Amino acid sequence: MTICPQCGAENEDDIKNCKSCRVNMYWAFQHYAELASLREANQLPPRPQSTSFLVETSKKIDDGPTVDWLRSTIKKFGFKGAGKKVCTTAE
Amino acid sequence: MLEVLPKIAKMQASYALGKPLALPMNITISVSYRCNSRCKTCNVWQRPNDDFTIEEYEKTFESIGRDAYWFTFSGGEPTLRKDLPEMVAAAYHYCHPGVINIPTNGIQDKIIPERIERVLQAAPNSEVIINLSLDGIGVKHDIVRGVKGNFERAMRTYAGLKALKGRYKNFTLGVHTVISNFNVDEFENIYAFVRDELKPDSFISEIAEERVELDTVGMGITPPIEKYQPVIERLQEGIRKAEFGDVSRITPRITQSFRDRYYDIVKRTLVEKRQIIPCLAGIASAQIAPNGDVWTCCIRAESVGNLREHNYDFKSVWTTAKAGELRRSIKAGECYCPLANASYTNMLCHVPTLTSVAIDVAKGTIGATLSPANRGKSAKLRELPVINATGEALIDNRANSNDKVASK
């Protein structure tokens, strides 16, 4: 299991977005700590309040046609292989 | 530019009826998710690539025809596609757009100017706008963009592009800055550098926002209004002082006047968290993803259908049930955003905004109307009651605006 750096939720290791706060996990491991300190300096809460329509729409990606490919790619290569050619429409 | 007026009437009628009577006048074509930047404000490079071929673009543009006036070729980094000039040529051949807009990170400094020159040659009667991304000065730019040496390369690219200016009258060279929590404190330095050193034809700034397309939902990159308000005010002051572009010409004056109003809309969107003027995404503007998915906008990035599955017939995709469902949701005000691309089309289709811009431009006093001491008819029009897209709330913001003026 991987703990989301932003919200602390437990996620599967190969997940792209945190199932709880929707943050991109790769980005969160790279940049969340820096952004949290900037947000604190700006007197903002460490976690943003994303609008519900964005969160709902973002969740739909998890069921999209590329999710299996992305998941296996993350598992296999990390994010280095994320630019690989893939078919994204229904066969 | 006058040719857009009949299109505006069709867009307004389409919005009122809730179904498209014409194809969108503003189309963004995301040509690839591939990107050689690793910006702290974007994860688009992680998306899978299944890019359209040039043949697929040709079929698509043929189906769109002359309805679209404004094309944006974005990405990813659009100049990574070697066939970008051929894509533009295809759009020009079938659609004759008035404006073609292309952003670039400027990293491939040895390739981009030559590729853009071919773009300019491919669309001789369109206004071609190339916007160089600049999110900081020197190493600060490199840190935000995640690429060592990016600033230096971007400056070389800029010089190469500027050298094209004299040869192509249809070329507008701009600089584009995304303001996020990572660089909001640097804005004054960026602004001064762009104004004093780069001297572009235009300088635009957008607030970093959460977008499904960029997979930035939940990231909290958007600066607070307290920090962003001075940025907007500085930008509007620059418009008043005509610090960028040749405002003796009519087109830059119109553009600057719309930009001034756009910044007003951004401010209010951030504070009021709703559509300030009706959003015509899904009617007047659309986006085509690299794999042919058609979206109403990149904020929601919800596919209404895929061009490959509709034999590259844009109209067929544009009239699906899913498209109708999204149009209803947008019109009901179930979403809001300060997305620049859609906002400009929205303003163009919003009669009070259009009228106030027309008056400003006619008077040739773009900025003067911002001054409380000189509030003419165009200033009053800016304060007309704004109808929320839901149609449920009529908000008379005259009282608020008058309060603000009185307190100055």
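**Helix packing and the chain interface in a predicted model**

In this predicted model, chain B has 15 helices and eleven strands.

User: Why are α9(B) and α12(B) called roughly perpendicular to each other?

Analyst: Helix α9 (residues 250-272) of chain B and helix α12 (residues 340-348) of chain B pack at an angle of about 115°, their axes lying 10 Å apart. Angles of 65 to 115 degrees count as roughly perpendicular, and the two helices are therefore described as roughly perpendicular to each other. In this crossing, which is right-handed, α9(B) passes α12(B).

User: What makes a residue of chain B buried, and what percentage of the chain is buried?

Analyst: A residue is buried if 20 or more other C-beta atoms lie within 10 Å of its own, and buried residues make up 53% of the 408 residues in chain B.

User: How many residues of chain A are in contact with chain B, and which element gives the largest share?

Analyst: On the side of chain A, 32 residues are in contact with 28 residues of chain B. The elements of chain A that give two or more residues to this side are α1 (25-41), α2 (52-61) and α3 (67-77), and the largest share, six residues, comes from α1(A). The residues on this side of chain A divide into 17 nonpolar, ten polar and five charged.

Technical notes: Residues are numbered from 1 along each chain as its sequence is written. Chains are lettered from A and ligands numbered from 1 in the order in which they are written. This is a predicted model: local features need pLDDT of at least 70, side-chain atom pairs count only at pLDDT 80 or more; totals for chains, interfaces and linings use all residues. Helices (H or I, at least four residues) and strands (E, at least two) are DSSP runs, numbered from the N terminus. A residue is buried if 20 or more other C-beta atoms lie within 10 Å of its own, exposed if 12 or fewer, and partly exposed in between; C-beta atoms are placed from the backbone. Two residues are in contact if their C-beta atoms, placed from the backbone, lie within 7 Å. Ala, Val, Leu, Ile, Met, Phe, Trp, Tyr, Cys and Pro count as nonpolar, Asp, Glu, Lys and Arg as charged, and the others, Gly among them, as polar. Axes are lines fitted to C-alpha atoms, for helices over the stretch in contact, and angles run from 0 to 180 degrees between N-to-C directions. Angles under 35 degrees count as roughly parallel, over 145 as roughly antiparallel, 65 to 115 as roughly perpendicular and the rest as oblique. A crossing is left-handed if the near helix is turned anticlockwise from the far one by less than a right angle, and right-handed if clockwise.
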